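These are my notes from going through the model chain by chain. The coordinates come first, then what I looked up.

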Amino acid sequence: MSGASPVTARAVYAGAAKARWQLACIAPAVAFFAAFWLLPIARLIALPADKGWQTYFVVLTEAKYLTSLLNTLLLSLAVTALTLVLGAAVGIFLARTRFIGRRVLISLLTLPLSFPGVIIGFFVILLGGRQGVIATLADSLGLGRWTFAYGLLGLFLAYLYFSLPRAIASYAAAAEAMDRALEEAARSLGASRWHIIRDVWLPELAPTTLACGAIVFATAMGAFGTAFTLASKFEVIPITIYNEFTNYANFALAASLSITLGLVTWAALALARRLGGSAALGA
Amino acid sequence: MELERTPITIRQCAKTYPDGTRGLRPTDLDIEPGEVLALLGPSGCGKTTLLRIVAGLETPDAGARILFGDDDVTHVPVEKRGIGMVFQHYALFPQMSVAANIGYGLRIRGTPEPEVRRSVAELIELVRLKGLEHKRPAELSGGQRQRVALARAIAVRPRVLLLDEPLTALDAKLKESLRDELAELLRRLHITAIHVTHDQQEAMSIADRLAVMQAGEVMQIGTAEDLYRAPRHSFVASFLGRVNALKLVTDGAGERGIRLGGLWLPFADGAGQDHVMLRPEDIQVKASAGSAARVSHRVFLGDRTHLRVTTLEVGDLLVDTTRDCPLRVGDEVALTVEPRALITCGDAA
Amino acid sequence: MSTAHFPKRGAPILLALTLLVVIFMIGPVLLSVSAGLMQNYSTGWRSGFTLRWLGEVWENYGSTVMASILIATATVVGNIVLGVPCAYALARSRQRWTAWFEELMTLPVAVPGLATALALILAYGQLRGFRQSFLFVLVGHMVFTLPFMVRTVAAAFRRYELIALEEAASTLGASFGQRFMGVLVPAVFPAIVSGALMVFTLSIGEFNLTWMLHTPLTRTLPVGLADSYASMRIEIGSAYTLIFLFVVLPLLWLLQLAASLAEKRYGT
């Protein structure tokens with residue numbers, strides 16, 4: 001009718017005003033992000049081209065970079081595997097049993113999430129360095145000062161240390177949310193403990209496992225502080241990048257390696273998000 | 001499909017929770033072989049607790065005994081009790097197909113594969129799920145999932161079938177049709193079953209006997225008709241159907257009875273009682289100008305009409321009458337009641 | 001309601017593994033704490049208890065503690081100012097590009113801190129004043145933590161009850177500013193606090209990015225730690241770690257308390 005015209009005009013105006021407000025809300029963040037990440041990263045990605053586009057593939061063409069990448073991949077995969085198994089065991093145990101101080105224990109175990117990687121490297125030095133506890137113990141038993149902190153074992157233990165809290169937290173939450181009725185149904189059908197693990201728990205925990213595994217893997221790939229503190233003989237790619245940049249001032253190469261590393265970690269996390277939903281970010 | 005018929009004997013089963021609340025008082029129950037018993041009551045009455053104790057999913061307080069036939073299963077874990085259980089939300093294994101779900105119990109017992117396939121096919125036929133063997137639970141409707149849950153529970157030839165509010169998760173129309181299907185299936189299988197529900201219609205259609213529970217206690221057991229016509233507790237009377245609770249008065253001659261809109265109903269049997277119950281469908285109404293009773297509320301429900309009639313002597317009465325009742329709000333009415341319709345219960349209202 | 005649904009037979013393995021993991025995780029912390037209080041690490045407790053290492057650490061690195069706390073606080077504040085309105089816009093907007101932006105914003109988390117730091121140095125390294133101030137570190141921290149704040153708060157804004165609240169306020173005549181500050185922000189307050197806690201935790205412990213971005217005058221706590229581990233005695237490193245644990249952990253615990261209080265009082 002004739003009354004519709006001012007109403008629709010008002011509605012359109014309101015819609016436009018809303019859109020303006022939303023734009024005003026998001027603009028500062030967009031500006032900040034563009035200025036301090038998007039554009040710098042674009043510049044970074046373009047940098048290797050200065051030395052020729054083959055520089056982008058230097059990680060595949062140069063043996064020492066390829067070794068570094070493979071080292072990091074293997075280490076991260078091994079750490080992820082062990083972390084998932086241990087994390088699941090502890091997470092399920094903590095979710096299922098009740099005892100005094102359970103909550104305190106859970107917060108203690110997830111505490112290391114706030115530690116910088118360097119501290120964990122230091123812990124490994126305390127344990128396995130030349131003056132470390134294990135060295136002193138071994139010495140007193142007549143086995144000589146066994147030092148493991150600066151080799152692969154030390155690095156592996158350190159990586160395990162910062163990966164476990166995330167797995168424990170994820171699995172404890174997931175185990176808490178497991179549907180009891182499924183387990184009871186299986187038991188009423190006569191399922192043994194092994195059947196329950198295989199047919200009820202594993203399928204139920206599969207999304208958490210994949211999501212958590214991807215995050216642990218990505219974190220291990222990009223970890224720098226721990227390897228830096230341990231000055232490990234086993235070179236991982238973040239250290240390689242750091243060396244190229246600081247010691248050899250090889251910006252283009254550092255950029256190229258960073259891009260490679262960035263792609264690997266981004267792919268892993270994208271997978272996590274696809275499979276695990278909101279658990280992937282920061283949980 | 002012929003299944004074993006096992007009687008269930010429950011003696012002194014009680015459940016006290018760690019924080020002190022009594023979920024179930026010491027209860028004795030005998031269930032005949034092949035009988036379907038419904039545990040009926042509001043939430044928190046202990047019916048699910050009792051079911052889970054019989055299943056072996058909860059442990060009763062010390063002194064309880066549960067027997068399946070001659071077998072004392074009180075301390076037998078749920079995996080070994082030989083029960084079949086249908087859960088409220090079905091608990092179907094999401095990663096397995098319909099056929100895999102149904103065959104699960106048989107497979108983990110090591111039954112040979114051809115035998116498993118044969119049983120599964122038989123059951124799929126029985127619960128009318130033909131064509132859906134390879135679907136996942138997520139692809140099925142509520143009614144279909146319920147049938148899979150049932151088939152899975154029966155596949156292992158349990159001695160006892162336990163159903164935990166199996167129809168609660170369904171919408172009204174579906175509930176009705178599945179109710180009849182379930183009733184027919186249970187009858188055909190002749191299996192001893194315990195069925196927990198808060199829906200009286202469900203209980204009445206499916207079960208042979210009903211046990212009405214309240215606050216952890218069985219108030220009365222009997223067939224639906226016995227419980228409805230002769231409730232022994234006011235709770236049972238008001239839980240099954242609706243009732244009017246009326247206070248007995250004494251007339252000039254010292255006789256006890258009910259005065260209803262000019263009508264006097266003598267009631268001599270109620271020694272020690274001061275209330276009687278009257279079902280709404282036992283009250284006849286018709287228009288009568290000048291009467292003190294008046295219709296104050298009217299709800300048309302399709303096949304019945306519910307009226308609320310306000311009287312001087314007993315306040316508001318619920319009256320249940322036919323679809324074609326011509327009375328409207330404000331009409332003055334006369335009431336007719338057969339004296340036999342007054343029910344007395346063992347306890348004061 | 002009933003708890004130990006766990007089959008008794010499986011428990012010993014899980015219990016053993018759990019104990020092993022607990023010892024592995026907590027042992028080093030205790031070791032480190034005690035090492036910072038010993039006279040001499042190689043001789044152990046026989047050398048005696050002392051506070052001198054703590055004193056030395058405070059002399060050399062004390063400023064880093066304050067620096068870290070200030071940067072973390074500034075990061076939180078910056079993220080709230082930028083992130084909360086951004087989260088609102090993302091939650092309400094129906095336009096395609098905002099969804100893309102939300103995805104894009106999470107990239108700094110996926111990409112290693114090194115890459116982000118390199119990019120920042122390449123882009124702004126020439127601006128001396130900026131490069132050598134704490135602002136440079138702050139910017140790095142904010143870029144990397146912003147997605148956490150935005151994601152958390154946007155999820156809260158998306159909840160159905162909030163849309164209804166906003167519509168109710170509009171029908172009562174509230175302007176945008178009134179709705180935003182008076183209705184929406186209080187409603188998502190628990191999410192903001194939770195996001196702030198996450199951001200604070202991440203900022204305090206951040207090393208990868210900060211190590212590349214720092215100068216000797218703009219050191220944070222983790223950077224100082226790395227420095228001390230590399231160049232100083234084990235006792236000093238331990239004492240410094242002790243300071244980290246005793247300063248940071250209570251702070252985090254307090255923030256967590258604040259978060260759960262906020263949830264209780266303001267949660268819908």
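This is a predicted model: local features need pLDDT of at least 70, side-chain atom pairs count only at pLDDT 80 or more; totals for chains, interfaces and linings use all residues.

**Entry 1: chain A**

I looked up the secondary structure and found twelve helices and zero strands in chain A. The order from the N terminus is therefore a plain run of α elements by the DSSP assignment. I then took the extents along the principal axes: the C-alpha atoms of chain A fill a box of roughly 100 × 70 × 35 Å. For burial, I got 47% of the 283 residues of chain A. I also checked the contacts in chain A with a separation of 6 or more, and 75% of them are between residues 24 or more positions apart.

**Entry 2: chain C**

The box around the C-alpha atoms of chain C, along the principal axes, comes to roughly 75 × 65 × 30 Å. Buried residues are 44% of the 268 in chain C. Of the contacts in chain C between residues at least 6 apart in sequence, 76% join residues at least 24 apart.

I then picked out helix α12 of chain C, residues 221-231. Is this helix enclosed or open? Nine of its eleven residues are buried, so the rest of the structure largely encloses it. A residue counts as buried here when 20 or more other C-beta atoms lie within 10 Å of its own. The buried residues of α12(C) include Leu221(C), Pro222(C), Val223(C) and Tyr229(C). Asp227(C) is also among them.

**Entry 3: where chain C touches chain A**

I counted the contacts between these two chains: 69 residues of chain C meet 66 residues of chain A. Which helix gives the most to the chain C side? Helix α1 of chain C, residues 11-35, does, with twelve residues. I sorted the chain C side by residue type and got 49 nonpolar, 17 polar and three charged.

**Entry 4: strand β7 of chain B**

I moved to chain B and looked at strand β7, residues 160-164, where five of five residues are buried. Both faces are covered, with Val160(B), Leu162(B) and Asp164(B) on one side and Leu161(B) and Leu163(B) on the other.

I traced the neighbours next. Strand β6 of chain B, residues 83-86, runs parallel to β7(B) and is joined to it by four bridges. Met85(B) is opposite Leu162(B) there. Strand β8 of chain B, residues 192-197, is also parallel to β7(B), with five bridges. Asp164(B) has Val196(B) in β8(B) as its bridge partner. From β7(B) the chain passes through helix α5 of chain B, residues 172-189, to β8(B), and this β-α-β crossover is right-handed.

**Entry 5: the antiparallel sheet of chain B**

I looked up a five-stranded open sheet in chain B, in the order β16-β20-β17-β18-β19 with antiparallel pairing. Which strands stand at its edges? They are β16 (283-287) and β19 (315-322) of chain B; each has a single partner strand, so one side of each lacks a neighbour in the sheet. Neighbouring strands of this sheet are turned by 40° against each other on average, direction ignored.

Inside the sheet, I checked β17 (residues 293-300) and β20 (residues 332-337) of chain B, which pair antiparallel over two bridges. Ala293(B) has Val333(B) in β20(B) as its bridge partner.

Key: Residues are numbered from 1 along each chain as its sequence is written. Chains are lettered from A and ligands numbered from 1 in the order in which they are written. A residue is buried if 20 or more other C-beta atoms lie within 10 Å of its own, exposed if 12 or fewer, and partly exposed in between; C-beta atoms are placed from the backbone. Two residues are in contact if their C-beta atoms, placed from the backbone, lie within 7 Å. Two strands pair if DSSP finds at least two bridges between them. Axes are lines fitted to C-alpha atoms, for helices over the stretch in contact, and angles run from 0 to 180 degrees between N-to-C directions. Ala, Val, Leu, Ile, Met, Phe, Trp, Tyr, Cys and Pro count as nonpolar, Asp, Glu, Lys and Arg as charged, and the others, Gly among them, as polar. A crossover is right-handed if, with the strands pointing away from the viewer, the path from the first strand over the helix to the second runs clockwise.
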